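Morning, everyone. Here is the model I want to go through. Have a look at the screen.

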Amino acid sequence: MKYLIAGLGNIGPEYADTRHNIGFMVLDQFAKEEGVKFVTERHAYYTEVNFKGRTLHLVKPTTYMNLSGKALNYWMQTLKIPVENVLVIVDELALPFGRIQLKPKGGNAGHNGLKNIESMLGTQAYPRIRFGIGDNFPRGRQVDYVLSGFDDDEAPQLPLLIDKSIEMIKGFSTVGIELAMTRLNK
């Protein structure tokens, strides 16, 4: 079985450890734990992880956040992976920091990366991990907030939250989304 795991983010050092790049951060940690390295391919940094008889194709789109769907669509077509075997890892303003949800589908909640994926795939019915980043910003400052780093009180919690996200990826690919949601969504 093949799975496409897409961690959303923006390329470039100025975005490296920002809230908007949590998808990249999760996949970077997963690749590090598995001893694999990303290589630059078409529309994405790419690597593979073999886990319990499954091949997990990890992609970090190089199209920038607002064109994430272009990369996702390209890799789905190239690898012939159906939408139900795709998992998108995304930052989520509507969830408080520290909360992570695995969902089988959903709206875009104004997230430009998800809007583009929805547009390219023609559906909202694709699995995702919603990584809560909170909404602690003044009115009109959303862009500054998502492109900022995690606060000093949040940073120490990141490794555990990233580990939980990796556990969700593994659960999604082995026991399926419903059972993984039951076990891991708290």
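Tyrosine 64 sits in the loop between β4 (54–61) and α2 (68–79). Helices here are DSSP runs of H or I, at least four residues, and strands are runs of E, at least two, numbered from the N terminus. This is a predicted model: local features need pLDDT of at least 70, side-chain atom pairs count only at pLDDT 80 or more, and totals for chains, interfaces and linings use all residues. Residues are numbered from 1 along each chain as its sequence is written, and side-chain values use heavy atoms, with hydrogens and water left out.

Buried or exposed, or in between: where does tyrosine 64 fall? Partly exposed, at a relative accessible area of 38%. The cut-offs: buried is under 20%, exposed is over 50%, partly exposed is in between, with a 1.4 Å probe and protein chains only. Tyrosine 64 touches Gly9, Asn10, Ile11 and Tyr15, not counting residues up to four places away in sequence. Contact means heavy atoms within 4.5 Å.

Next, asparagine 66. That residue is also in the loop between β4 and α2. Asparagine 66 is partly exposed, at 45% relative accessibility. Its contacts are Asn112 and Asn116, leaving aside neighbours within four places in sequence.

Now the record. UniProt, in an unreviewed entry, places the feature "binding site" at Tyr15, Tyr64, Asn66 and Asn112. Of these residues, Tyr64, Asn66 and Asn112 are included in the lining of the largest pocket. A pocket is an open set of points on a 1 Å grid over the protein atoms alone, with protein on both sides within 12 Å along at least five of seven lines; lining residues have an atom within 4 Å of a point. UniProt annotations may be inferred rather than shown by experiment.

How values were computed
1 Å grid on protein atoms, 1.4 Å probe; cavity = no way out; pocket = protein on both sides within 12 Å on 5 of 7 lines; lining within 4 Å.
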